[in-house]
Structure formats: C-alpha cells, structure tokens
Amino acid sequence: MTLKKTLLASVIGAAMTTAVLPSVASAETTLRMAYDADPVSLDIHEQLSGGILQLSHMTFDPLVRWTQDLSFEPRLATGWEQVDDTTMRMTLREGVEFHSGNPFTAKDVVWTVERLKRSPDFKALFEPVESVTAIDDTTIEITTREPYPLLLNLATYIFPMDSAFYSGTDADGDPKDEIVKNGNSFASAHLSGTGPFTVVEHQKGTRMEFERFDGYWDDESPGNVDHIVHTPISENATRVAALLSGDVDFIAPVPPNDLERVREDDDVQLVTMSGTRIIIFHMNQARVEAFQDPRVRQAFVYAINQEGIADRLMKGFATPAAQFSPKGYAGHVESLEPRYDLEKAKQLMEEAGYAEGFEISMMAPNNRYVNDAKIAQAVAAMLARINVTVDLKTLPKAQYWGEFDDRAADMMMIGWHADTEDSANFHEYLTACPDADSGAGQYNASNYCNPALDKLVAEANLEVDLEKRAEMLQQVEQTLHDEAAVVPLHWQDLAWASADNVMIEPILNVMNFPYLGDLVIKQE
Amino acid sequence: MIAFLIKRLFHALLVMFVISIIAFAIQDNLGDPIQQMVGQSVPESEREALREQLGLNDPFVVQYLRFAGNALQLDFGYSYIFNEPTTEVIARHLPATLELVFATSLLIVLFSVPIGVYSAIRPRAWLSRLFMGVSIIGISIPVFLTAIMLIQLFAIGVSWSPFPADTGWGAWLNDLVSTEGGMPAYGRGRPVPVFGTWATNFASLEGLTYLVLPAISLASIMLPLFIRLIRAEMLEVLQSEYVKFARAKGIPLRRIYFIHALKNTMLPVITMGGVQIGTLVAYTILTETVFQWPGMGLMFLNAIQRSDVPLIITYLMIVGLIFVITNTLVDLIYGLVNPTVKLTGKPA
C-alpha cells in the first residue's frame, strides 16, 4: 500500500516538477506528518503566522536562520558586516537555483524586501529598513533609517522569492506579485523558492504534498526525506492516535493531556522545549482604580502561584515566569523568580487599604492557549484568597479578540510571542503607553504607562552595542517586575512527537520552525 | 403532484431566506474575521483598511441586500479561509459527507430491520434481550466517545493479558481480548475520482477500510434507535386484528411477518428515517472532527472557529435545503407505501 502510494506520488512529482528523474528511485523516503493546521496560503507574505513561516522554511531559505541555541546560521547570506551605523553589507551564496530553474541573485533579495514592505502583515516589522540595494549579483546593502541593532533578526524573515517567476501578469491579467488577503492571487497558488522542497499538491485543509527539490543548493544537509505528505489534523486526540497507530510519523503540537501516553509508548519519541510564548494577565488601570496602586498589583502577583499552575495544571508543560523575556533573550534577568507569597499579598492589600478586597471581572479565551480556561479558573480561585471576587467569562478565540480590543474586562489574558525574538517587542506591544496613532501598546490592556520605560526602549532600539542594549532591556524588565505592570504566568512549552526512526530532535527549535530539509529518517 | 413539488420549492426558498437572515443577524457574534486573517502584530490601521475593503463596515441592511442580490445570481460570496467561492468549497466537501451518511444509512438499514423484526417476533429469546441491552448502551454513549474507543481498539490496538500467557488457553484468551489495530484512524485516504469534485471511497477495498470506523461510530446512535422503533412498531402490528385474522386463516407465518406486518411497521419508520437523515448530517460534525473526515461537518467547524461568515451562512442554507429535500422525498415515498395518504392534503 505504501509502496503503491510512493510510486504514484513520485510519478505525479516527476510530471509536475518537469525535472527528469534518473529513474524511479525504489528507496524513496517518505515523511507522513500531521500539524494541527495547514498554511492558509502558498504566498509567504500573505500572513505573519507560525504556519506560514513553517511553510517558508520548507520551500524557501532565509538569508540567515536561528539555531537551537538562538544564534544565527548563514543560509542564503554567507557573510555580513556592518559598513556604518545604518548600513549592513551581506554576501550572498553563489550557485543557488530556484525551483523554476532561475538563478538566485541579489535582485531577488531586493525584490523580496520591497514586497515585504508592501505586505500588510510584514510592513510593520520592516519599517526600520530604508532600502536594500544590489551592489553586484552576490552582494547587497541594507540601509536602515536609524541605527538598528536587530537587522539579523529581521534577516531571518527574508526568504528570497523568485522575482522572475512572480513578475508579470497571470491569466486573469492580475499582477503575479500582488498580495491578496481574501481571494485568489497567483502567489497564493504557485510557489518557487530555493528551499529543500517543492509543493506538489495542496488541497486546502485536507492534504499537502512536497517533493525534495533536485537542485537544492545545500549538499551538506544530512536530510534524506524525498517526499512529504502533510495531513492537517485539528483534533488533538485524533492527531495523537494517528501517530500511535503508525498512520503518520511526525506530529505537532502534542496536547499536554497526552504527553504521558506518548512518552510511555515504545515506538514513538517525544521532544519538549521550554517555549518563548509568555502567558500573562493584564490588570486594567483605566477600569479599576485600585490597580493604579502598585501595591495592589504586587499583591495580585504575590497571590498567584505560577509554579503551582505550571506543575499541576500544565503538568510540567510550562516554565513559570516572573518576566516577559525567556532565557536566551537579551532582556532576560536571571534573578527574577516567581514571587508566590500569600501572607505578603494579604499584607500589601491591607497597606493599600483593600483588606476587604473588591470585585473584578475577568476574561480569557478557551481555545487559544494550552489550558487557557483552566488557568483563568485557577487564577480566579487564587485571588479569592485575598478577598478579590472574580466574575470570570471564557470565550472561544474567534469572539475573544473582539472583547480584548474593547478592553471588556478588568483582567484579560493574552499570550505573546516576540516576532523579532527580542525583548523590546514585549514592551512595545504589551506595556508601552497606548497610542492609537503610532500603534504602540496595541495589546496593553493594563493601560500601564511609564514614559521613562518607553524612552529607554526607544533608545535601546537605536543602540548597536548589543551588550549595552541588553543592559537597557534588562532594566526595563526589572522595572516592569518591580512595579508589577502585569501578572506573568508562564512560558508555554512546545512538544513534538515522532516515530522512533524519525530523528526530529536536531531539527527542532523554540521558534517552532522544524527544519525539515535537514531531517533524517533512519532506514531499518 | 406538480403542485405539491412547486409548493415544496417555495418552502425551500423560504427556509433558505429565513436562515440567511438569522445567520446574518448573528454574524457579529461569530467573531471578527479580520482577526483570523492577519497576524497578531498587525496594526489597527491595516485591519481597518481590510475591513473597509471587505465591506464589513457597511450597515446591516446594505450588507444583507448586497449578499441577497448576489445570492439570487447563485453567488454566495468568497470563503475567508479557503479564498474560493463558498459554493465551490462546499461542493468539494459535500461528497465526503454524503458518502459517510450513505455508508451509515446502509449499515442502519441492513442491521435494524432484521434485528428489529427478530426481537419483535421472539421478544423473550436471549438473543433479543442481548440486542436490546446492547442498543441501550449504544444510545447512551456519546458519538465522540464511541469514535475514540473505536480508534483505540481498532486503529492503535490494545494488548491485555489478564490470563496467564504461558498456558495455551491463557494465551488464546489473551488474544481474544486484545486487538491488533491497523485500521486507518483518520481521513479518507486517497479516494478514487469519479467526476467533478466527487471522489469515492467505495471503489476500492482500501477506500472502504477508511469508511468502516467513521460509519460505525456515526451509526452507533441511530442504529439502536431504529432497532427499538421497528421492534415497538412490529410488536404493535402483531397484536392487531388483521394479523390475528391472517393467522387464524392459516397463512404461513413467514408471509404474515414479512409481507403483511412489516409493510405497516415501516410507515412510521420511514417518517422517522427522513427526519433522522437531517439529524445525521448534524452528527457528522462530531464524527468528522474525531476522524478528521474531510467533509462538510469538519469544514463547518473550521469555519466557525475561524469566523468564516460567508461559508457559515452558505453551509446553513444548504443544510436547510437538504432538510427540505429529504422531507419532500419522505412524503413522496410515504405516498407510495400508503396510497391512502394524498399528497395534496385533500381527503381521499
């Protein structure tokens, strides 16, 4: 059955890629995988989401990419140097070919960055970039408006697209490079990158097939997967069952309730990592006067047992947090620990004059983060011990975000992952003084505002001396911690599982971009 | 007859109209589709531009009239998540659901009639009691639980060894209570294309293996219901005067049971069956989710989770249409089985 499928697939693959295979290889290695969803589009600039970035890493290559220990690894850029404060020169890899057969050159990078700056989802991220120019075929210069220390972080988002392939107009007369959110576009159905896999078939929501690209530049990649079949399985229990029954070889995410079951099974392996997505509760100072008093906010933080939630509710599938930045981020302050202390909390409430407690409303999603509704219930119960009565409402994510935008409750839950993998991003979105015009503090449902911190972060974003910058960001974390701007809960862990012969461990990372091009499947 | 069908056509249009109004009225509670389309860090100004572009800022009446005008030309809008016309999305997902419902109906018809009749003829036999007992369990276990148990037993497999494995009989008993697994746990494999968007699982043995578990779990609620219904009706019919008379007359029992009694038993069963097929479509949402069966139920759940309003509305309207069609068919069949009933409603 599998052999038949593989043969059929390779025939289709050969027909589609028009590449002439020497012969139908008899020892094709197929990876059958199941994520919880499939990418919304083949246009990697249509949405800034995990699914799209996972697709990007399979079918394109970034200029540089993150390694497991959060340092940079050269991909399509082989070297880089800072020419002056605002200019970086990058050397590009030679002899790289796109799926279409077009050669990869500097003009593709220029074209891609210009398109990124037009994409509604990516343009904010690329705001600091003034221009990109091609010096020659293998050299580019990136100029930023002001000194920008995170240019390499940004370069992980530059997956050069095949500019010749995406230029011109399609059958309907629409430009091939247009970015369409709702409707069809050439780029949402056609793809040509430099990555390890080509897309053979995409049935939305049902099935996606990839074939290894014959002309892939990375000869040193240990990856030996010739063929990938991705079937999205949104139902947690079914996804796990599909792995345990041997129907698929690789699944993600693994739901916390099934971690033990997967761990104990002899034929599969489980890999978990402490993630970078922080889960917090905002305490809205505009809605509740008491929250304007730092002692009340501190009391709330002291009353909530982060370690208990991580241990018991999350079954160890979370890392308790006392700040935004996870380990490895520039702003991470090693000394900050969860401060659960009920006596202290009660004492602070008394000092602030709220020994009798008060009543607040709370909202949380119930299908967005791992165990989100249960966490909210636990937090509500913990707050009852300092005489705070919580009126809790949990909602499906589709409805929750509208309420969040309206700041509809006194305490609201949110999880945040920094797109730049950098500490400043947390502050900019979650705790900066809200300003509708500049978009600062877009998700600051605390209405917390400390102009001194905003200034510090703005300065840090111009500081190219990374050590000095880290110090500044750590100071920000420390202040937010001392003033108890929000209630940090934990960083949600990540989990993947695979059949024993699928060596997933080396290709995984906390960004949750499995580098499937380098995946090795051991042959029995 | 024609007048009846035309009347039903108007029913269908009315149902679809009412559904579309209701669906439109609640769309604000279905969540913000923009939220699902953009990344979390996208600024409000970009969201607003997109909202304007999709016409979501227009007043309710304007939005509805635009939708209704297009719908009259059979254009039901674009799905937000599939980026395709909603009718095409549904056309692609419909065959999978219809095949599942068909396989389930087949199971129900094949098993419910013989079992129901048998347990009515021999109400005190131990086999009848067993059937009744099992059917009670079938009704009381929710579909998704049945589905997950089936997956565990027949897709993953369980090995139990409550008996000593070193003795011959123990090993044999252990084998008996353990299961191999190996059945497909999700999806429909690679169905064979027939024409258009219709690909079938009935064309190959491999395709059929994908249908087995979902069809059984979907049937697990309906089958017991029908067994009990047929049994109860049959018991009643067997008590009636004409059956007693037929027996007194010496007509062979087989003929009484299967020709005279069964016919009258089936009347209420057909009515029930028609209504239940609609319900079956609703139950597919659960079954399809657990088995990741790529049909309309799974699609609808995705649409709800991601606030795909156009797709939700089209789905609801089409399900309404299916209800009207099945009820019309039921009425037609009812007229064939029982000629005393006149479709036009005029007294005979």
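How many residues of chain A are in contact with how many residues of chain B? In this predicted model, 35 residues of chain A are in contact with 40 residues of chain B, where contact requires that the C-beta atoms of two residues, placed from the backbone, lie within 7 Å. Local features need pLDDT of at least 70 and side-chain atom pairs count only at pLDDT 80 or more, whereas totals for chains, interfaces and linings use all residues. Residues are numbered from 1 along each chain as its sequence is written, with chains lettered from A in the order in which they are written.

**Interface with chain B**
- On the side of chain A that touches chain B, α6 (236–244) and α12 (397–405) of chain A each supply at least two residues, helices being DSSP runs of H or I with at least four residues and strands runs of E with at least two, numbered from the N terminus.
- α6(A) gives the most to this side, with 5 residues.
- This side divides into 14 nonpolar, 15 polar and 6 charged residues, with Ala, Val, Leu, Ile, Met, Phe, Trp, Tyr, Cys and Pro counted as nonpolar, Asp, Glu, Lys and Arg as charged, and the others, Gly among them, as polar.

**Helix α12 of chain A**
- The buried residues of α12(A) are A:A398, A:Y400, A:W401 and A:F404, buried meaning that 20 or more other C-beta atoms, placed from the backbone, lie within 10 Å of a residue's own.
- These residues lie on the same side of α12(A) because they cover an arc of only 165° around the axis, the arc being that of the directions from the helix axis to the C-beta atoms.
- Their cover includes β14 (359–365) of chain A and α12 (296–305) of chain B.

Terms used
A residue is buried if 20 or more other C-beta atoms lie within 10 Å of its own, exposed if 12 or fewer, and partly exposed in between; C-beta atoms are placed from the backbone.
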